[in-house]
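Colleague: I want to go through this one term by term. Show me what each label rests on.

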Amino acid sequence: MNLFGNAVPWRSIAKEALERTAIVTRFLCLLHVTNTYICTPTLVYGPSMLPTLNLTGDVLLAERVSHRLGKVRPGDVVLVRSPVDPRKSLTKRVVAMGGDKVTFVVDPRNSDRVRTITVPRGHVWIQGDNIYASRDSRQFGAVPYGLVEGKILCRCILMCIVASIVCIKRTPCSPMQVWPLDGFGLLHH
Amino acid sequence: MLPTLNLTGDVLLAERVSHRLGKVRPGDVVLVRSPVDPRKSLTKRVVAMGGDKVTFVVDPRNSDRVRTITVPRGHVWIQGDNIYASRDSRQFGAVPYGLVEGKILCRCILMCIVASIVCIKRTPCSPMQVWPLDGFGLLHH
């Protein structure tokens with residue numbers, strides 16, 4: 001008896017499997033293109049952007065169009081590839097663009113000494129909002145503009161609630177007092 | 001990048017997988033976003049990775065002075081093959097690894113012929129002697 005006869009319709013099963021795989025592949029391609037070129041959600045954590053961002057984790061929406069058009073301005077919170085460890089991304093605020101002079105407190109925990117530097121052309125000066133616990137341009141210098149990967153648009157509050165439920169056991173990475181969050185979720189001004 | 005690459009234009013194939021896996025090594029020709037002008041991309045050779053010491057001639061046209069520098073962690077040191085006429089890490093310092101955009105695989109000779117026919121009126125950008133090209137088109141070793 002022929003097992004591959006009328007008993008099991010292999011051809012239509014294979015065809016349907018192929019069609020469904022094609023749909024999934026198309027969806028993944030669309031997701032990849034959207035994440036790389038339009039906007040993407042990112043999870044950020046750490047004390048360096050208190051009180052703006054949460055210590056234990058925040059889901060932010062980062063858009064990836066503005067930095068290609070050169071529309072990054074001082075005051076924007078940006079997603080930046082770390083110049084010290086290329087596998088990590090940082091979320092910091094742009095304080096000055098290339099050509100501007102920036103004045104900053106070198107080590108606010110220990111002294112009040114300030115320093116003024118001119119940001120080189122083609123670079124940006126990034127600082128965390130919480131200067132007491134932030135590794136930023138004050139330590140590793142101005143960052144080339146080519147390392148900017150996106151601009152933070154807003155916070156996804158619903159996703160933050162989900163993330164806080166999931167990550168409820170994660171301990172803060174440094175002994176800092178947690179500031180109250182703002183309720184609106186809009187960071188970009 | 002003389003004599004490796006042509007003065008008047010070359011079409012190269014750059015692959016964008018290796019740098020994401022961290023497989024960029026000294027000796028590779030890489031495509032790098034310029035740290036001085038973020039709208040431009042440069043094609044230079046990686047001479048040293050983060051942590052290595054690099055010795056280079058600071059200004060070969062005017063003097064023989066050499067300098068030795070340790071490349072910071074997470075950075076690469078890039079130099080053009082033609083050190084007499086190249087703006088590279090000797091001028092703007094070590095480049096963060098995140099600016100590397102791809103690794104050059106090979107030269108597309110057919111496309112180069114098309115490009116040279118199309119651009120036949122373009123004058124060279126600096127008075128340099130043109131070196132003969134190698135015929136194989138393989139740059140990556």
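Modeller: Take a residue pair to begin. Leu12(B) stands opposite Arg107(B) in β8(B). This is a predicted model, and the pair is read from its coordinates.

Colleague: What makes β1(B) and β8 of chain B paired strands?

Modeller: Pairing asks for at least two bridges between two strands. Four bridges join β1(B) to β8, residues 100–107 of chain B. Four meets the cut-off of at least two, so the two strands count as paired. They run antiparallel.

Colleague: Which sheet do they belong to?

Modeller: An open sheet of six strands in chain B, in the order β1-β8-β2-β3-β6-β7. The pairing is antiparallel.

Colleague: Why are β1 and β7 of chain B said to stand at the edges?

Modeller: β1 (12–15) and β7 (95–96) each have a single partner strand, so one side of each lacks a neighbour in the sheet.

Colleague: What does the sheet in chain A look like?

Modeller: Also open: seven strands, in the order β1-β2-β9-β3-β4-β7-β8, with antiparallel pairing. β1 (39–44) and β8 (143–144) of chain A are its edge strands, and each pairs on one side only.

Colleague: How do you know that β3 and β4 of chain A pair?

Modeller: Same test. Five bridges join β3 (residues 77–81) to β4 (residues 89–96), and at least two are needed, so they pair. They run antiparallel. Within β4(A), Lys92(A) is the bridge partner of Val78(A).

Colleague: Now the interface. How much area do chain A and chain B bury between them?

Modeller: About 920 Å², with 70% of it on carbon and sulfur atoms. Eleven residues from chain A and eleven residues from chain B take part in the contact.

Colleague: How many salt bridges and polar contacts cross the interface?

Modeller: For polar contact, the count is two residue pairs, both at pLDDT 80 or more.

Colleague: Where is the pLDDT of chain A below 50?

Modeller: The mean for chain A is 83, and 83% of its residues reach 70 or more. Over residues 169–189 of chain A, though, pLDDT is below 50. That stretch has 37 contacts in the model beyond near neighbours in sequence. Where pLDDT is low, predicted coordinates should not be read in detail.

Colleague: Which residues of chain A carry the label "domain: Peptidase S26"?

Modeller: UniProt, in an unreviewed entry, lists residues 24–104 and 117–153 of chain A. Residues 24–104 are 17% helix and 36% strand, with end C-alpha atoms 50 Å apart. Residues 117–153 are 11% helix and 41% strand, with ends 29 Å apart.

Colleague: And where does UniProt place that feature in chain B?

Modeller: At residues 1–56 and 69–105, again from an unreviewed entry. Residues 1–56 of chain B are 7% helix and 39% strand, and the end C-alpha atoms are 16 Å apart.

Conventions: Residues numbered from 1 in each chain as written. Chains lettered and ligands numbered in written order. Predicted model: local features only at pLDDT ≥ 70, side-chain atom pairs only at ≥ 80, totals over all residues. Heavy atoms only, no water. UniProt positions renumbered as here; feature names shortened; annotations may be inferred. pLDDT = per-residue confidence, 0-100. Contact = heavy atoms within 4.5 Å. Buried area = accessible area lost by both parts, 1.4 Å probe. Polar contact = N/O pair within 3.5 Å; in protein donor to acceptor, adjacent residues only side chain to side chain.
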